[in-house]
Amino acid sequence: MKTAGFIVLLAIPLLFACAPRKPELPLIAVPADPLLQALARHRQSFAGLKAIASVEIAKRGRKRKLDTVAVVIDHTRRFRIEAYGPLGQSLMALVWDGRDTLLRLPGEEGGILPGPTGLERFFGEGMEASELCALLAGNIPEADASDATLLCRQNGDCILELRNGSLLRRVRVSPPAEGSDWEPRILAYESHRADNLMFQARFDEAVEIAHYRLPMRIVIENPDRKLQLTVLYSEAEVNTPLSDDIFSLTDETGTVNSK
């Protein structure tokens, strides 16, 4: 009797394991224009961000956490990301003034690099500076919407695909509320080029600040470089005036860089 009971106990999990999985709800094509218009309104409602965050950088199995990082974004035109130590000393900085970048990493002298070079050294190829601005604000960059496809599951998330030649941007958004205008919540973003995933981002823990929905946790990944950047905002101000001095390409360690 004991042996029979033991066999029954073993068989029950196997029966559940062999049971067919519940099929996913099919994706159904729906008109993309209402969502595109809502995403444009959301993008236009954002002018800038000043925030304090903790940032974890994981690269090829190695992790580093920066507890105090200032993030300043001027729409998609300029940004400054700077990490500070416990005594207020600057540990690293990545600044884009709309044209060139200043990159200073721990143990290295700061230097101005032309165009997107500084960003490529940090994130790898495929991400534009304006795109990083958008992602750090929980937004998606402006894109050609002439070839847009929207696929939705019944009572589920929707996938927006934006194609432009070999470039494919894929955006996962929350479903629209029944009987109301679409107020999308951006959940994830992917950028593909020639069927190769360049990078992806996830957005969580959104809160409304100055009538703008800002995700307080953002994860950006570059699979090829095995790089993952996790940004967790602790304080944030949205749409506040920003000084041009913030985006000056001057290394505050004392070295003034010339172009």
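Guide: In what follows, Ala, Val, Leu, Ile, Met, Phe, Trp, Tyr, Cys and Pro count as nonpolar, Asp, Glu, Lys and Arg as charged, and the others, Gly among them, as polar. The structure is a predicted model, in which local features need pLDDT of at least 70 and side-chain atom pairs count only at pLDDT 80 or more, while totals for chains, interfaces and linings use all residues. Residues are numbered from 1 along each chain as its sequence is written, and side-chain values use heavy atoms, with hydrogens and water left out.

Visitor: How many nonpolar residues are in the lining of the largest cavity?
Guide: A cavity is taken, on a 1 Å grid over the protein atoms alone, as a set of points where a 1.4 Å probe fits but cannot get out, and its lining residues have an atom within 4 Å of a point. Of its 15 lining residues, V55, V69, I81, F122 and L229 are the closest to the centre. By class, the lining has one charged residue and no polar ones, and its nonpolar residues number 14.

Visitor: Which elements give two or more residues to the lining of the second largest cavity?
Guide: This cavity has about 100 Å³ of space, and among the residues that line it are H42, G138, F203, D204, R213 and L214. Its lining is made up, by class, of six nonpolar, two polar and three charged residues. With strands taken as DSSP runs of E of at least two residues and helices as runs of H or I of at least four, numbered from the N terminus, the elements that give two or more residues are β12 and β13.

Visitor: How many residues apart in sequence are the parts that E221 and R202 tie together?
Guide: These two side chains form a salt bridge, that is, a side-chain nitrogen of Lys or Arg within 4 Å of a carboxyl oxygen of Asp or Glu, and their closest N and O atoms are 2.7 Å apart. Because E221 lies in strand β13 (residues 212-222) and R202 in strand β12 (residues 196-209), the pair ties together parts whose separation in sequence is 19 residues.

Visitor: What is the N to O distance in the salt bridge of R80 and E82?
Guide: A search of the whole structure finds 13 salt bridges, and D74, R77, R78 and D244 are linked in a network of them. Both R80 and E82 are buried. Their side chains meet with an N to O distance of 2.9 Å.

Visitor: How many residues does the largest nonpolar core have?
Guide: Such a core is a set of buried Ala, Val, Leu, Ile, Met, Phe, Trp, Tyr and Cys residues joined through side-chain atoms within 4.5 Å. L160 is among the residues with the most contacts inside the largest core, and, beyond its neighbours within four places in sequence, L160 is in contact (heavy atoms within 4.5 Å) with residues including A32, L35, A148 and V171. The number of residues in this core is 57.

Methods: Buried < 20%, exposed > 50% of the residue type's maximum accessible area, 1.4 Å probe, protein only. 1 Å grid on protein atoms, 1.4 Å probe; cavity = no way out; pocket = protein on both sides within 12 Å on 5 of 7 lines; lining within 4 Å. Points joined across faces, edges and corners; volume = space filled by probe spheres on them.
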